[in-house]
Amino acid sequence: MRLDKFISQQLEVSRAIASREIRAQKVTVDGEVVKDSAFKVSEEHEVAYDGNRLQQITGPRYFMLNKPQGYVCATDDEEYPTILYFLEEPMAWKLHSAGRLDIDTTGLVLLTDDGQWSHRITSPRHHCEKTYHVTLDSPLDEQVAEQFAKGVALRGDDEATKPAVLEVITPTEVLLTISEGRYHQVKRMFAAVGNHVVALHRQQIGDIVLDEALEPGEYRELTREEIDSVGLPVELQQKTARRK
């Protein structure tokens with residue numbers, strides 16, 4: 001990668017400004033000032049700006065975040081703070097959430113710069129399950145679990161929801177596992193059976209469970225096992241099976 005492009009990405013400035021800073025001798029490579037904007041930066045180089053080392057990104061990144069209330073799952077928003085506020089990572093703006101949560105919903109958010117990986121989570125084709133801890137306004141009717149297992153009609157939607165699994169914890173607390181990602185789906189499902197969600201917390205996406213050690217606003221990298229648990233796209237699974 002050209003040095004001016006690298007500096008531009010790291011400092012989140014234009015290429016022209018990056019070139020100006022390079023000419024001003026503010027950039028060093030392996031401890032030596034480099035004034036050539038076209039200098040080729042490799043993974044082995046140690047680049048610094050104003051004496052501060054800049055971390056190179058060598059591959060896709062994967063994180064889990066315990067999202068608190070009051071933040072939106074976006075890279076930029078004019079009205080509300082975004083979840084990127086919590087990330088102390090270079091070029092955090094390149095990361096996106098693999099499945100969003102509402103501003104008042106808490107819990108597990110997966111962040112990555114790997115578009116294919118996040119697509120396997122969000123695409124309806126892959127039926128990736130998500131589990132939520134739901135706090136309700138009123139005690140749950142006994143027949144709701146059966147209704148959800150069959151699918152319920154949501155106001156404004158042409159098709160009923162896909163089968164969902166409901167586990168009762170207390171009369172007003174449940175775990176709900178769904179395989180879709182419709183707009184405000186969990187809240188709308190309970191509204192369809194005459195109840196109201198007062199708190200919503202996502203605990204799990206696929207096989208990835210929110211780390212209990214993470215306080216609200218804290219995050220960590222995913223393990224290799226967690227990353228691989230998302231699996232291959234259906235088309236690649238089929239190709240792999242044909243080769244065997």
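This is a predicted model: local features need pLDDT of at least 70, side-chain atom pairs count only at pLDDT 80 or more; totals for chains, interfaces and linings use all residues.
Residues are numbered from 1 along each chain as its sequence is written. Local features need pLDDT of at least 70, side-chain atom pairs count only at pLDDT 80 or more, totals for chains, interfaces and linings use all residues, and side-chain values use heavy atoms, with hydrogens and water left out.

**The span.** UniProt, in an unreviewed entry, lists residues 1-69 as "domain: RNA-binding S4". Such annotations may be inferred rather than shown by experiment. The span is 26% helix and 25% strand. Its end C-alpha atoms lie 39 Å apart. Helices (H or I, at least four residues) and strands (E, at least two) are DSSP runs, numbered from the N terminus.

**S8.** This residue sits in helix α1. S8 counts as buried because its relative accessibility is 11%. Buried means under 20% relative accessible area, exposed over 50%, partly exposed in between (1.4 Å probe, protein chains only). Leaving aside residues up to four places away in sequence, S8 touches V13, S14, R15 and A18. Contact means heavy atoms within 4.5 Å. From S8 to P139 the C-alpha distance is 55 Å, across 131 residues of sequence.

**Helix α2.** A18, S19, E21 and I22 are its buried residues. Cover for the buried residues includes α1, β1 and β3. Just after α2, Q25 has a positive phi of about 65 degrees.

| Element | Residues |
|---|---|
| α1 | residues 3-11 |
| α2 | residues 15-23 |
| β1 | residues 27-29 |
| β3 | residues 47-49 |
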